Amino acid sequence: MTTTATRTLITGASSGLGAEMARQLAAHGEDLALCARRTERLEELRAEILAAHPERRVAIAALDVTDHEAVTAVTQALREELGGLDRYVVNAGLGKGAAIGTGRADANRETAMTNFLGALAQCEAAMEVFRDQGHGHLVMVSSMSAMRGMPKSMTTYAATKAGVAHLAEGIRTELHGTPLAKKIQVTVLYPGYIASEMNEKVQQSTPLMASTEKGVKAMVAAIEKRVDSACVPALPWAPMSVVMKHAPLPVLKKLI
């Protein structure tokens, strides 16, 4: 089956940034493959998107990204259903965590397994498809917390987001200078505070929180431009990234 629409797979699409990306990309004319553990929410999201855009195709599948064999199988099944995959958005993740050594190793381990090993499985599955078909766009959703090591409940989360950014950048480095470099693009997004279920507690404590719609609009714009990397929204996060990377530790602690 052939189609002129971009076919985008999004993991963690049942809520938050993933669900809003699906809405906005569908509005921009893209067909979608949506994955998450909660299929009832995916059903609702598909119905919502098709009601607004009946010409779109929306495939859905249950997926736990920590099941690495399932990641490969589901990716291949969705590729077959849509007749190919042009873009893969590695978005699924957890925000659990506690200060290291405070008795919550279980929460930190779960976040590490989902955010890094789950992302690795998704990259493996996506790149297998892209190498086979000779084109594609890998999008890694990292975080502004990846800019520096973070304290307390953010320590493990930030480390995983730094890790996945390097994972994606490593793939881009490998492709550089090869015939595939112009055919397979890699984008790393560094979202700042964007309202979602994951950061509901943060919403009450910072004036920097962007609405889900506004924040994802910036993400989608960067995705569609196929930039190498972007802090989103650009203001205040692009200049803030420079401060975060280079601020002395006492200054950094006051900022975060």
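**Group meeting: a walk through the predicted model**

Buried here means under 20% relative accessible area, exposed means over 50%, and partly exposed is in between, with a 1.4 Å probe and protein chains only. Met127 sits in helix H4. Leaving out residues up to four places away in sequence, Met127 touches Leu138, Ile171, Leu175 and Ile184, where contact means heavy atoms within 4.5 Å. And what separates Met127 from Ile49? The two are 78 residues apart along the chain, and 27 Å lie between their C-alpha atoms.

Quick housekeeping. This is a predicted model, so local features need pLDDT of at least 70 and side-chain atom pairs count only at pLDDT 80 or more, while totals for chains, interfaces and linings use all residues. Residues are numbered from 1 along each chain as its sequence is written, and side-chain values use heavy atoms, with hydrogens and water left out.

Okay, the overall picture. The protein chain has 9 helices and 7 strands; those are DSSP runs numbered from the N terminus, helices being H or I with at least four residues and strands being E with at least two. The radius of gyration is 18 Å, close to the 18 Å the globule rule gives for 256 residues, so the chain is as compact as a globular protein of that length. That radius is taken over C-alpha atoms, and the rule is 2.2 Å times the number of residues to the power 0.38. Along the principal axes, the C-alpha trace spans about 55 × 45 × 35 Å.

How much of the chain is buried? Buried residues are 49% of the 256. As for contacts between residues at least 6 apart in sequence, 68% of them join residues at least 24 apart.

Charges, briefly. There are 28 positive and 26 negative side chains, and the centres of the two sets are 9 Å apart. Lys and Arg count as positive, Asp and Glu as negative, and His and the chain ends are not counted. Each charge is placed at NZ of Lys, CZ of Arg, CG of Asp or CD of Glu.

Now back inside. The largest nonpolar core has 44 residues, and the members touching the most others are Leu78, Tyr88, Phe130, Leu138, Met140 and Tyr190. Helix H4, residues 105–133, gives the largest share of this core, with 8 residues. There's another core apart from it, of 28 residues, including Leu25, Leu34, Val58 and Val89. By nonpolar core I mean a set of buried Ala, Val, Leu, Ile, Met, Phe, Trp, Tyr and Cys residues joined through side-chain atoms within 4.5 Å.

Take Phe130 from that list. Which residues does Phe130 touch, not counting residues up to four places away in sequence? You get Leu85, Asp86, Arg87, Tyr88, His135, Gly136, His137, Leu138 and Ile184.

The peptide bond from Val232 to Pro233 is cis, with omega near -15 degrees. Pro233 is in the loop between strand E7 (229–232) and helix H8 (234–246). Another cis bond joins Leu235 and Pro236, with omega about 10 degrees, and Pro236 is in helix H8.

Then positive phi. Lys152 isn't a glycine, yet its phi is about 55 degrees. Lys152 is in the loop between strand E5 (136–141) and helix H5 (155–175), and with a relative accessible area of 63% it is exposed. Arg226, also not a glycine, has a positive phi near 55 degrees. Arg226 is in the loop between helix H7 (212–225) and E7, and counts as partly exposed at 31% relative accessibility.

Lys152 comes up again with Ala99. Setting aside neighbours within four places in sequence, Ala99 contacts Asn108, Lys152 and Ser153. Ala99 is in the loop between strand E4 (87–90) and H4, partly exposed at 27%. How far is Ala99 from Gly29? The C-alpha atoms are separated by 43 Å, for 70 residues along the chain.

Last one: Glu80, in helix H3 (residues 68–82). Buried or exposed? Glu80 is exposed, at 68% relative accessible area. From Thr11, Glu80 is 69 residues away in sequence and 17 Å away in space, C-alpha to C-alpha.
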